[in-house]
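My notes follow in the order I looked things up.

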Amino acid sequence: MLLMNEYAVPPLVLTLQQLTIGSLLLRTHLFSTGRLQPLPKNLSMNTQPIYYDFVLTGLFNALDFLASNTCFSHSSASFVETMKASEPLMTTAIALFFGIDSLSGNEAICFIILLGGVFCSTIANSSDPNTMNQEFHQSMKTACIVMIANLCFALRAKSQKLFRAHVDSQKMDDENLLMHMEQIGAMSLVIPVIIFELPGIFERIVNSSLQANWSYGVLAVTNAACFCTYCVASCLVLTKLSVVQYTCFNCLRRILAVIFTAIAFGVPISMFGAFGIGLCFLGFISFTLVHNQKSILPSIDSPTSILPLQMSMSREE
């Protein structure tokens with residue numbers, strides 16, 4: 001937010017900056033630790049489904065952050081976060097639609113309770129008076145862009161899970177996968193940035209002092225490092241969990257953010273917000289217990305059993 005508010009960095013430039021610097025930092029880290037992996041030999045146009053999932057993972061990841069940065073540049077953070085609370089619904093719907101995950105009746109009930117808690121706590125935490133006073137047109141525009149961001153997030157999760165069904169972590173671990181994802185995303189944004197933002201970039205550099213450019217560079221690298229750290233954690237969790245489990249942990253992340261904000265910045269939590277937090281934790285614990293009980297005897301015909309079988313077949317090949 002500081003880069004967009006204080007330095008007036010356009011969302012398109014900020015997203016390219018995050019992806020480029022983040023991938024460079026990650027590549028440097030992997031090279032220095034001797035863990036830099038080449039692209040798998042079976043990842044080529046000859047294996048089109050795998051190749052397309054690999055490319056789409058990077059594209060959807062970039063579009064997700066571009067849409068999110070666009071929203072934050074035009075609306076208050078509280079309003080955007082309130083709208084983004086619907087993200088688990090979109091991700092779960094995509095996972096169920098493409099058959100890469102499934103929900104039992106009890107899991108669905110627990111998931112609904114969890115989502116209800118997220119909505120309650122998020123809305124209660126939206127204390128910014130501008131949240132409810134924005135112009136209707138701008139609010140609807142922001143809401144539509146947030147839905148696009150949520151859709152891209154869900155499609156990225158879907159593409160990553162399908163890619164992982166054919167390429168396991170031994171051939172490409174999560175950090176190497178993320179590095180390539182960010183490189184693909186950055187390359188997809190280079191031409192739009194050159195066409196729409198290049199003159200403004202040169203103008204800001206020329207008109208700014210050396211100290212201002214240096215401060216901006218330090219802040220940009222710090223922002224990209226935090227961005228990259230978050231993406232690595234997200235990529236790692238998605239590899240180890242099912243898509244629905246991943247969305248549950250994402251819900252919990254939002255609740256913990258509300259609690260941390262209350263503790264660190266002295267933001268009071270209303271009774272309605274506390275009710276939402278308790279409801280979210282209840283839903284999360286219930287879902288985890290029900291899901292773990294179902295996982296003891298997985299059905300061989302269930303959609304969730306397809307991915308492990310495909311991965312084991314890819315290892316044997």
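**Entry 1: a surface patch.** I am working from a predicted model. I looked for nonpolar side chains on the surface and found a patch formed by V190, I191, I194, I195, F196, L198 and F202. Together they have about 710 Å² of accessible area. Next I asked which elements give two or more residues to the patch. They are α8 (174-196) and α9 (198-207). α8 provides the largest share, with 5 residues.

Entry 2: I picked out L198, which sits in helix α9. Why does L198 count as partly exposed? Its relative accessibility is 31%, and partly exposed covers values between the buried limit of 20% and the exposed limit of 50%.

**Entry 3: the record.** I checked UniProt, where the entry is unreviewed. Residues 177-196 are 100% helix and 0% strand. The end C-alpha atoms of that span are 29 Å apart. Residues 216-243 are 93% helix and 0% strand. Here the end C-alpha atoms lie 37 Å apart.

**Entry 4: helix α5.** I turned to α5, which covers residues 87-97. Which of its residues are buried? I noted E87, P88, T91, T92, I94 and A95. These residues lie on the same side of α5, because they cover an arc of only 160° around the axis. After α5 comes G99. The phi of G99 is positive, near 70°.

Definitions and conventions. Residues numbered from 1 in each chain as written. Predicted model: local features only at pLDDT ≥ 70, side-chain atom pairs only at ≥ 80, totals over all residues. Heavy atoms only, no water. UniProt positions renumbered as here; feature names shortened; annotations may be inferred. Helix = DSSP H or I, 4+ residues; strand = E, 2+ residues; numbered from the N terminus. Patch = residues over 30% accessible without salt bridge, like charges linked within 9 Å, V, L, I, M, F, W, Y side chains within 5 Å. Areas by Shrake-Rupley, 256 points an atom, 1.4 Å probe, with all protein chains shown as cover. Salt bridge = Lys/Arg side-chain N within 4 Å of Asp/Glu carboxyl O. Buried < 20%, exposed > 50% of the residue type's maximum accessible area, 1.4 Å probe, protein only. Arc of directions from axis to C-beta.
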